[in-house]
Amino acid sequence: MRNKLACLALLVMIAGVLGGCWSRKEMSELAIVLGAGVDSAPGGQVRLTLQLARTSAFMAGGDGGGGKEPSTWVISDTGETIADVQRKLSAKISRHIYWAHDVILVFGEEAARGGIRKYTNFFSRELQPRETMWVMVARGEAKDILETGSELERTSAQDIGFLARARTGFSVIFKDFIIMLASKGGNPIATMVEIVDRGVISGDIAKDKPTKRKGVALTGTAVFDDDKLVGWLNMTETRGLLWLKGEVLKGVITFPSLTEPGRELSVNIIRGQTEVEPQYDGESVRFYVNIEVEGDLIEQQSVHESVLEEHERNGMEKEMAREIEGKARLALDKAQGEYGLDIFDFGEAFRRKYPREWEKLKDRWNEVFSGAGVEFAVDSHIRRSGLQGRRTSVPE
Amino acid sequence: MARFVKPLRARQFGRGQSNAGHSGVEEQPKENDYSSQDLQSLDLSADLQTNLGQIKAILSECSDVIYREFDFAQDDRIKLAIIYVDGLASKSQNSDQIMRALMLDAPLVEERVEFTRERAFTLIKKKLLTVHQLDETNSLGGVIDAVLSGDTVLLVDGHTFALINGTRGWEGRKVEESQTEIVVRGPREAFVETLRVNTSLIRRKIHNPNLKIEMMKLGQVTRTEVALAYIKGIVNDKLIAEVKERLERINVDSILETGYIEELIEDNPRSPFPTVFHTERPDKVAAQLLEGRAAILVDGTPYVMTVPFLFIESLQFPEDYYERSLVSSAARLVRLFALLISLLAPSVYVAIITFHQEMLPTSLLLSLAAQREAVPLPAIVEVYAMEIAFEILREAGIRLPRQVGQAVSIVGALIIGEAAVRAGLVAPGTVILVALTGIASFTYSYSSSLSIRLLRFPIMALAATLGLYGVICGVLTILVHLSTLRSFGTPYLFPVAPLSPGGQKDVAIRAPWWAMSRRPRLVGMNNLRREAAGLKPKPPPTRGKQ
């Protein structure tokens, strides 16, 4: 009995220690990383850039002078590995480098062209960085992206994070990105980010002259061959890519009017679904892509047709379907023709349907994909007309 | 030995001898030290002066005892004396109903009745005294007990019995609105310090012969009256037997409040949680009795205890049952949530901001970090300091005289809240948290909140050393402890653990009255059904139909 009690007490004590929560760290001892950038440096080295939050600038309102103080500190250094740079950086940063709130991970163009696998290991092995951070590739250097500011958010990293989350283009989190890197049924793609004009800031703060702003924007998609960056898709092609991947289907489709040339209509997408059906007869591979989409009419430049008339609406829907197919073709042609890479995960669809044949084809899949025929069947519907049925600004 | 006696005034005449000397304390009377107990065995003598002498010896140096000797109206040979305590006995009753009756009005009845010294006692008792309540005793102890309880004792020369006139009438607080348990809808009255008034308040709610109120006296020195109330037929007889057994075990010199008894009868004396409930609301006690509980009333305190006490009662308030079910259920949930906040909020806060910063959304982390930027102390020290400051303020708030109340609240709110933040000693978030925790702890039963507030501190220490893991450990320990507790044999967490599906109607929600047709299973098991079936109101059949 006494032995049993002793054992129990011991177990309880061990359990207490095994909790592994001894890493107490006060909040004011943290250097919170909001954005990280990886560039290649001369001599095969890596340059790591960190965007750190200057927490004292985040005081809400009142006397804290919130917003007036610069809110970020961007610092970089070079080294052999990312961990090596981190160690060097901690000699310059007075607090613990805290990765858990890293919002974005940006790879510089040059680093990406040289092969990205070299750099990703730290972020998946280390405990703190999250697998939900957004992965992007900069047009140019990652460092420049992190050195920008934001007009609406406190930091550019958060700004970019919100942009990625809005999914106007293709966005990918770190976990999905490394899964893509590891998969053979498709090639990795990531968000493309570059520095663009972002309007002017005017009003009280700018006092005299409105200041022109440079800032970041998500402008397309970076395409990788295995782990090496090979090219880009612009925004239009990215929309086509999204249709083909059957990912987030929101946004607006704009297509020309059938009856009134030069006038356009816009439909807001409510629901959409993409199914990819591979077919293999032993020689050639074909893909049947079925897209179903529903949307609401939100703008109409044409004046004589009405979404309320069934035959006219059918015409609009057909035109809308043609537009979607056109965009998808654009992305497909670029992938099949220019890059010769399956970036749509068609390989995965093929593997699921023909697992045995996949074993034979997987090593030359990109080649097979490039030669495959793709047929589209787009079924589109306009469900609602907004607040107006007919145009009211047109005399009867 | 404490004994249960049926009516309050019936002092177990004739049982004095058989009951004397049972307890160890009573068997060691010192020389010339008349403790009230051993007097039960001393009989009154037939001689008035001997009796008075003895009584005066016992009550020597008791300046508040009044002796009034007088003669019977018609016959000077019949000597009488009344003895009472000044301030306890009603003087008007004494002069009108006893002295006036015997000294002046006696001749009115005398014509028809032959008056002799031998028959004096019976005649006085049957014909002359006009007091409402009359008992007799033949023991010295009975006399002393009666006098000290506020009754007036009438001694008749030549008789070995004394008459006890029910003349209790001392200054007491009137029945007032409850100060500590306030409701918006429902009866306002609260118990007072006088036991008789309190039992009448309960009786007024339950007009039923099955409402039994048994009396006993506890406390060797104070001889405090204690009543045990229950409803026969609803209460479990074993519970009553158990309560009586535990009460009879009590052998202390004084009972000044129900709390004395509570600590002597509770199931787990080392637990931080109360297993006996107390309230000052008669409606609450009536409801408890109707569910099959027993109530213990003590003279001299407005607080009445009820047993068994289940933890869930901390969240149940009389108003829940007076307001409509939906509203009450929402209030219940708020209280449940507040209970969790008052126990866990500071520790979860400390755990998250010192161990698990990754759990916060980025923007929240940044604004919290900004607040903490200026604070020189570690989070745990800061939270401990603020919690202790709050406890000090709360304690001061209860003790301080009403006149300085405002000063303290201003200083408390300003210094602790505003100035500490401005001086950069404390983060604003911590102040918000501590204030919320403090306020949340007042939403549920006061006695449970005392325990919960106490437990908050060790959990905070766990949170500061082990993070959320420590908080979970603390919560589990508390849960395990709670589930081992019993209150007079009833599991403390009933009806949640052990689970009683029917009991859930009165836990997180309060079901409508037409749905709560049964009493809580383990409490009212003797008589479960409390209302007829099919009470749910239905609209009348459509009138237009023919």
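At what angle do helix 11 of chain B and helix 13 of chain B pack, and how far apart are their axes? The angle is about 160° and the axes are 9 Å apart, in what is a predicted model.

## Ground rules

Residues are numbered from 1 along each chain as its sequence is written, while chains are lettered from A and ligands numbered from 1 in the order in which they are written. As this is a predicted model, local features need pLDDT of at least 70 and side-chain atom pairs count only at pLDDT 80 or more, whereas totals for chains, interfaces and linings use all residues.

## Helix 11 of chain B and its partners

Back to that opening pair. Helices here are DSSP runs (H or I, at least four residues; strands are E, at least two), numbered from the N terminus. Axes are lines fitted to C-alpha atoms, for helices over the stretch in contact, with angles from 0 to 180 degrees between N-to-C directions. Helix 13 covers residues 379-399 of chain B, and helices 11 and 13 of chain B are therefore roughly antiparallel to each other (under 35 degrees counts as roughly parallel, over 145 as roughly antiparallel, 65 to 115 as roughly perpendicular and the rest as oblique). On the helix 11 side, Pro346(B), Tyr349(B), Val350(B), Ile353(B) and Thr354(B) meet Ala379(B), Ile380(B), Val383(B) and Glu387(B) of helix 13; residues are in contact if their C-beta atoms, placed from the backbone, lie within 7 Å. The residues of this contact split into seven nonpolar, one polar and one charged (Ala, Val, Leu, Ile, Met, Phe, Trp, Tyr, Cys and Pro are nonpolar, Asp, Glu, Lys and Arg charged, and the others, Gly among them, polar).

Helix 16 (residues 446-466) of chain B also packs on helix 11 of chain B: their axes come within 9 Å and cross at roughly 10°. That makes the two roughly parallel, and this crossing is right-handed. Helix 11 of chain B contributes residues including Leu339(B), Leu343(B) and Val350(B), and helix 16 of chain B residues including Ile452(B), Arg456(B) and Ile459(B). By class, the contact has 13 nonpolar, four polar and two charged residues.

## Where the chains meet

The contact between the chains takes 19 residues from chain B and 21 residues from chain A. On the chain B side, helix 11 (325-354) and helix 12 (362-373) are the elements that give two or more residues. Helix 12 of chain B gives the most, with nine. That side of chain B divides into 11 nonpolar, five polar and three charged residues.

## Chain A and its domains

The mean pLDDT (the predictor's confidence in each residue, from 0 to 100) of chain A is 88, and 94% of its residues reach 70 or more. Over residues 62-67 of chain A, pLDDT stays under 50, and the model has six contacts beyond four places in sequence for them.

Domain 1 (28-233) and domain 2 (236-396) of chain A, whose bounds come from an automatic or database domain assignment, have centres 32 Å apart, taken over C-alpha atoms. In their contact, 16 residues of domain 1 touch 20 residues of domain 2. Strand 8 (211-225) and strand 9 (228-233) of chain A each supply at least two residues of the domain 1 side, with strand 8 giving the most, four.

Most residues other than glycine have a negative phi, and most peptide bonds are trans. Asp226(A), not a glycine, has a positive phi of about 50°, and sits in the loop between strand 8 and strand 9 of chain A. The bond from Val307(B) to Pro308(B) is cis, with omega near -10°; that from Ala497(B) to Pro498(B) is cis too, with omega near 5°.

Conventions:
Contact = placed C-beta atoms within 7 Å. Left-handed = near helix turned anticlockwise from the far one by under 90°.
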